Amino acid sequence: MPQKPAVTISRATLILAFVTLAAPVVHAQQADDQLGDPERGRIIFRSVGYCVSCHGWPGDGKTGTNLQAPVGPNLRQTELDAAALIEVIGCGRPGSSMPYHDRAAYRDGRCFEMNLSDFAPGSAPVPGKTFSDRDVANVVAYLQTYVIGLGEPTYVECAEFYNNPAAHACSSLQ
């Protein structure tokens with residue numbers, strides 16, 4: 001009988017050892033699940049890609065948009081997953097004002113299996129600022145971390161977006 005407790009302790013020790021050793025691996029996998037750097041993505045969304053012109057600083061398609069720009073869809077309510085977001089950012093949306101940001105978009109069939117020559121004159125997708133694959137991943141990480149699934153924009157979000165609690169764009173939210 002004394003051997004059974006020793007076996008039970010050995011199993012418990014093995015389980016504890018496994019859990020202890022596996023925990024960093026699980027954490028590393030969770031970190032790898034994130035596509036890119038959301039902070040870099042915020043900079044691209046705000047300044048490099050001019051996404052705020054149509055989507056607004058909070059990504060809702062109405063708050064803080066450029067009044068001369070087309071209204072972008074509400075990204076806070078999007079149901080697109082990471083792969084679909086990558087496709088939309090890279091390939092744009094033909095027939096809409098959403099520009100494509102992939103340098104090779106519509107040149108090799110990677111976007112909806114189409115080339116620019118497939119479009120009627122005047123109906124080709126609009127080119128935007130060219131993003132690297134890493135920058136697309138960063139924008140997706142930003143959207144998934146700070147935009148998608150959120151409700152109405154808040155002052156705290158605005159101050160964080162602009163990295164400035166006194167940002168003029170945030171005054172209406174106080």
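Trainee: Are Cys-91 and Cys-111 buried or exposed?

Mentor: In this predicted model, Cys-91 is buried, and Cys-111 is buried as well.

Trainee: What joins Cys-91 to Cys-111?

Mentor: A disulfide, with an S to S distance of 2.1 Å. Cys-91 belongs to helix α4, residues 82-91, while Cys-111 sits in the loop between α4 and α5, so the bond ties together parts that are 20 residues apart in sequence.

Trainee: How many disulfides does the structure hold?

Mentor: It holds 2 disulfides. Besides the bond from Cys-91 to Cys-111, there is one between Cys-158 and Cys-170, with the sulfur atoms 2.0 Å apart. Cys-158 is in helix α6, residues 155-162, and Cys-170 is in the segment after α6, so this pair ties together parts that are 12 residues apart in sequence.

Trainee: And the torsion about the S-S bond of Cys-158 and Cys-170, what is that?

Mentor: About -90 degrees, so this disulfide is left-handed. Cys-158 has 0% relative accessibility and therefore counts as buried. Cys-170 also has 0% relative accessibility and counts as buried.

Trainee: What pattern do the disulfides of the chain follow?

Mentor: Counting bonded cysteines along the chain, the pattern is 1-2, 3-4. Cys-51 is in no disulfide, and the nearest cysteine sulfur to it belongs to Cys-54, 8.7 Å away.

Trainee: Changing topic: how many helices and strands does the chain have?

Mentor: The chain has 6 helices and 0 strands. From the N terminus on, the order is α-α-α-α-α-α.

Trainee: At what angle do the axes of α2 and α5 cross?

Mentor: At roughly 100 degrees, and the axes come within 7 Å. That makes α2 roughly perpendicular to α5.

Trainee: Which residues in α2 meet α5?

Mentor: Pro-38, Glu-39, Arg-40, Gly-41, Arg-42, Ile-44 and Phe-45 are the ones in α2. They meet residues of α5 including Asp-135, Val-139, Tyr-142 and Leu-143. By class, the α2 contact with α5 has 8 nonpolar, 3 polar and 4 charged residues.

Trainee: What about Asp-135, is that residue buried or exposed?

Mentor: Buried, with a relative accessible area of 16%. Asp-135 is found in helix α5 and touches Arg-40 and Ile-44, not counting residues up to four places away in sequence.

Trainee: How many residues are in the largest nonpolar core?

Mentor: The largest nonpolar core has 20 residues. Those with the most contacts inside it are Phe-45, Ile-89, Phe-131, Val-139, Tyr-142, Leu-143 and Phe-161. Helices α2, α4, α5 and α6 each supply at least two residues of this core, and the largest share, 5 residues, comes from α5.

Trainee: What does Ile-89 touch?

Mentor: Not counting residues up to four places away in sequence, Ile-89 touches Met-98, Pro-99, Tyr-100, His-101, Phe-131, Val-136, Val-139 and Val-140. There is also a second, separate core of 6 residues, with Cys-91, Tyr-100, Ala-105 and Phe-119 among them. That brings back Cys-91, which is joined to Cys-111 by a disulfide.

Trainee: Last one: what percentage of the chain counts as buried?

Mentor: Of the 174 residues, 33% count as buried. On contacts, taking residues at least 6 apart in sequence, 49% join residues at least 24 apart.

Technical notes. Residues are numbered from 1 along each chain as its sequence is written. This is a predicted model: local features need pLDDT of at least 70, side-chain atom pairs count only at pLDDT 80 or more; totals for chains, interfaces and linings use all residues. Side-chain values use heavy atoms; hydrogens and water are left out. A disulfide is a pair of cysteine sulfur atoms within 2.5 Å. Helices (H or I, at least four residues) and strands (E, at least two) are DSSP runs, numbered from the N terminus. Buried means under 20% relative accessible area, exposed over 50%, partly exposed in between (1.4 Å probe, protein chains only). Axes are lines fitted to C-alpha atoms, for helices over the stretch in contact, and angles run from 0 to 180 degrees between N-to-C directions. Angles under 35 degrees count as roughly parallel, over 145 as roughly antiparallel, 65 to 115 as roughly perpendicular and the rest as oblique. Contact means heavy atoms within 4.5 Å. Ala, Val, Leu, Ile, Met, Phe, Trp, Tyr, Cys and Pro count as nonpolar, Asp, Glu, Lys and Arg as charged, and the others, Gly among them, as polar. A nonpolar core is a set of buried Ala, Val, Leu, Ile, Met, Phe, Trp, Tyr and Cys residues joined through side-chain atoms within 4.5 Å.
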